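Work through the exercises below with the coordinates loaded. Each task is followed by a stepwise solution.

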Amino acid sequence: MAKARKKTNGTKAKSNGGQPVRLPIHAKGKRAGFYRDPANDQIFSFIIMLTQELSVAMDRIETIERLLDKNGVVRRKDIEAYRPGDAEETERTARRDAYIGRVFQILHEEAEKLEAGH
Amino acid sequence: MDAHANIKNVGRMLDSTHDEVHRQRFVSVLRKKVLVDFAKDMKTVYEKKVAGRHKRRTGKAPKDAREIRRAMLHEPVFEAWSSLRYNAQYMTWWSVQPAVERQLPELIQAAKDAHLANPAGGSLELDNKLHIPGYVSQLDVHQMPGCFQTEFTKDDVAQGAVYFYGTTVFSGGLAHRRGNKGSVGQTIAQYLKHKGFKPKRILDMGCTAGSNTMPYKEIFPQAEVHGIDVGAPCLRFGHARAEAEGHAIHFSQQSAEKTNFPDNYFDLITSSFFFHELSVPATRNVLKECHRILKPGGLVLHMELPPSALTDAYYNFYLDWDAFYNNEPHYEAFRNLDFPKTLVEAGFKKKDLEMIRIPNYATTKPEEFKAVVEGRGQTARRDHGGGAVWFTFGGWKR
């Protein structure tokens, strides 16, 4: 019974001959749409992905600036190895939060006007 | 003691590049903005505009989640909010997939080493003949490409790793869950410990990569702890992580609808965020199975989203979003069930049922937690997304 189970490590998948595994990008199931024109859903995805990439670029710039402040020189491997400490992470998070707020600030507009009684 | 020191911990191995780390951090912040800041805007638009318009047109305020949904569907704020939330969901998994792909051979090796050495004394039993139920195999739950069970290579742990590391990104912007894997398991286990309940044998159903299973072993070290799931990659990952962290947990690949455990076997049966992913007939089967394998005097206590009968219409509309857009089609039907009736139909007696809202242990002041345990008032916090209280349901077997 449960206590005396033997250890096994069975699997449904066969070896893939040592080839690197590529994980699927898209989920099985219907892709959701929110706009009457599906092209708008695509454009929204492009924008949000670009917003992310710019945020990543900003983080890279910040890493470079901090390394320059500290060492006066920057080496690629130092950038790659750089991980912010807790206090710095809090600062970066506040910056990302404000940045996302600015990019999508039009989303606040209607609620703000309604709150103000317009 | 250090028997596990020489195996790598699959839960601490992800070696993301600088830019991958910052992609992950962006997603965590984005999700917080969507679930907190922009969600507030959407509610304001509903309350100050949409509800009134509906009332002027029909003479009544929207009566339930479906009516609110119809009234909101083409509001720009709903379209944009939904787009952000939907994309953030995909981006969660995408932010960890490249590192998992790159490190997959090492992760698999670490898992194999952990299985072989098995230093903590847990176990892993896989069943490659197991029928994967349609509610898992037919669509990728939570939009996670590959779901819990797909295997891409021999001894694969990829989906366990994507789920484990992805959920860290997923909750990384929410203060009550950040850096606290397994907060549901920890909360329920602490609640029961405070109550003086000492389960000797514990089962966590739909345990995925075991994050919420581990706290039971930590908090009840003398107990025999089991975790079951249908996804082999998650179980391999969970077992390897538990062994590396020194927790003897018995993982097995089984459907919770029909397990191989004998009658009257467990003192405690639990789960977290599990039932809403099952079809309603499967939910009924699982609850019956719980009753069968629970010992007399034992307790079943599952954490879930609160039933729609206990929350207001707007919150139901807000939570049910996942049923339509997050590949969790049973979510709404599950929440619409009559929970007491469903438990009674599974074999529990009405007087023995439990429905408890428990504040998240790690972020609750000890006196507030104690007050809830002792039944001195409910916590005022909102459920799930709004903050830090977990809804649990189940019952005692007498």
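The exercises treat the fold of one chain and then its interface.

This is a predicted model, in which local features need pLDDT of at least 70 and side-chain atom pairs count only at pLDDT 80 or more, while totals for chains, interfaces and linings use all residues. Residues are numbered from 1 along each chain as its sequence is written, chains are lettered from A and ligands numbered from 1 in the order in which they are written, and side-chain values use heavy atoms, leaving out hydrogens and water.

**Exercise 1.** Determine how compact chain B is for its length.

Step 1. Chain B has 15 helices and 8 strands (DSSP runs: H or I of at least four residues, E of at least two, numbered from the N terminus).

Step 2. Its radius of gyration is 21 Å, close to the 21 Å from the globule rule for 398 residues, so chain B is as compact as a globular protein of that length. The radius is taken over C-alpha atoms, and the rule is 2.2 Å times the number of residues to the power 0.38.

**Exercise 2.** Describe the interface of chain B with chain A.

Step 1. Contact (heavy atoms within 4.5 Å) links 77 residues of chain B with 64 residues of chain A.

Step 2. Count the salt bridges, each a side-chain nitrogen of Lys or Arg within 4 Å of a carboxyl oxygen of Asp or Glu. Asp97(A) and Lys33(B) form a salt bridge, with their closest N and O atoms 3.0 Å apart.

Step 3. Assign the chain B side to elements: helix H1(B) gives the most, with 19 residues.
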